[in-house]
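Here is a short briefing on the fold before you. Keep the structure open as you read.

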Amino acid sequence: MKLTVFGATGGIGRQLLAQAAAAGHEVTAVARDPRRLPPGVRAVAADLAAPDAAVLRDAIAGADAVLSAVGPSSRATAGITEPATRAIVGAMADAGVRRIVVVSAAPVGTVPSPGNPHPPKHDPGDGPLMRYVVGPLIKAALRDHYADLARMEDVLRGSGLDWTAVRPPKLTDKPLTGTYRTELDRNVRGGALASRANVAACMLASLERPETVGRAVGVAD
């Protein structure tokens, strides 16, 4: 397949590039600083904090799918995911590309947003410890980040595209195992960790899973 990857220099983005190349896909990588990209991919320079619609459209044109691992790299870039995804979705509409898989996060299903003001209080996949102890602490500490991701998922739901939001728990840098677990529209019970490598593998696998279109996918090691 021809794939366009956004957030290509981040932890998950680098895994997407490596795994997609290993699988024989033709990859276009979009990054603010293409010098940080590995050789062997078509590199496109784009700053999603100040997106150029024409540049994004050209990066996406002809792709079979878009993969987005966009997220804040520091407090200074907090809140980037929703506007960046809005720009990507607009460019996809202009380019006539319909399939997109993005990284979200496990707590987002219970975070209110303008498009989903009354989400469930608890994710159906969470056990008691996550519901009443760990989850509330995590959401309090990363409140702004999860609110941004919830608004990003609003953008996807309103896009008319064939979207999938992959929701991992806490990320690690452990190597690819390929033995991760997934659930549709709920978190993975007892899934506290997910390696960035396995999240990337799940995103690529979702491209071949039509049942994930218009759905959230919980993933955990």
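The largest nonpolar core holds 32 residues, and Phe6, Ile60, Val66, Ile88, Met92, Ile100 and Leu156 touch the most other members. Helix H2 (53–60), helix H3 (81–95), E5, helix H5 (143–157) and strand E6 (162–167) each give two or more residues to this core. Apart from it lies another core, of 27 residues; Val5, Leu17, Ala20 and Val103 are among them. Bear in mind that this is a predicted model.

- In soluble globular proteins, nonpolar side chains tend to be buried together.

**Helix H1**
- Helix H1 covers residues 11–22, which is 12 residues.
- At 1.5 Å a residue, H1 should span 16 Å; its end C-alpha atoms lie 17 Å apart, so the two values agree.
- Ile12, Gly13, Leu16, Leu17, Gln19 and Ala20 of H1 are buried.
- What covers these buried residues? The cover includes strands E1 (2–6), E2 (26–31), E4 (65–68), E5 (99–103) and E7 (170–172), and also helix H6 (196–206).
- Gly24 follows H1 and has a positive phi, near 90°.

**H1 against H6**
- The axes of H1 and H6 come within 8 Å and cross at roughly 55°.
- H1 and H6 are therefore oblique to each other.
- H1 passes H6 in a right-handed crossing.
- On the H1 side, the contact is made by Gly11, Ile12, Gln15, Leu16, Gln19 and Ala20.
- On the H6 side, Arg196, Ala197, Val199, Ala200, Ala201, Met203 and Leu204 make the contact.
- Ile12, Leu16, Gln19 and Ala20 are among the buried residues of H1, and the contact with H6 includes them.

**H2 against H3**
- The axes of H2 and H3 come within 8 Å and cross at roughly 60°.
- That makes H2 oblique to H3.
- H2 passes H3 in a right-handed crossing.
- From H2, Leu56, Arg57 and Ile60 meet Ala87, Ile88, Ala91, Met92, Asp94 and Ala95 of H3.

**Arg151**
- Arg151 is found in helix H5.
- Arg151 is partly exposed, with a relative accessible area of 31%.
- Which residues does Arg151 touch, not counting those up to four places away in sequence? They are Glu82, Ser113 and Pro114.
- Pro114 is 37 residues apart from Arg151 along the chain, yet their C-alpha atoms are separated by 7.1 Å.

**Loop residues**
- Most residues other than glycine have a negative phi.
- Asp185 has a positive phi, near 60°, and is not a glycine.
- Asp185 sits in the loop between strand E8 (181–184) and strand E9 (193–195).
- The relative accessible area of Asp185 is 38%, so Asp185 is partly exposed.
- Thr212 lies in the loop between H6 and strand E10 (215–220).
- Is Thr212 buried or exposed? Thr212 counts as buried, because its relative accessibility is 0%.
- Thr212 touches Arg99, Trp163, Thr164, Leu184, Ser206 and Val217, again without residues up to four places away in sequence.

Key:
Residues are numbered from 1 along each chain as its sequence is written. This is a predicted model: local features need pLDDT of at least 70, side-chain atom pairs count only at pLDDT 80 or more; totals for chains, interfaces and linings use all residues. Side-chain values use heavy atoms; hydrogens and water are left out. Helices (H or I, at least four residues) and strands (E, at least two) are DSSP runs, numbered from the N terminus. The expected span of a helix is 1.5 Å times one less than its number of residues. Buried means under 20% relative accessible area, exposed over 50%, partly exposed in between (1.4 Å probe, protein chains only). Contact means heavy atoms within 4.5 Å. A nonpolar core is a set of buried Ala, Val, Leu, Ile, Met, Phe, Trp, Tyr and Cys residues joined through side-chain atoms within 4.5 Å. Axes are lines fitted to C-alpha atoms, for helices over the stretch in contact, and angles run from 0 to 180 degrees between N-to-C directions. Angles under 35 degrees count as roughly parallel, over 145 as roughly antiparallel, 65 to 115 as roughly perpendicular and the rest as oblique. A crossing is left-handed if the near helix is turned anticlockwise from the far one by less than a right angle, and right-handed if clockwise.
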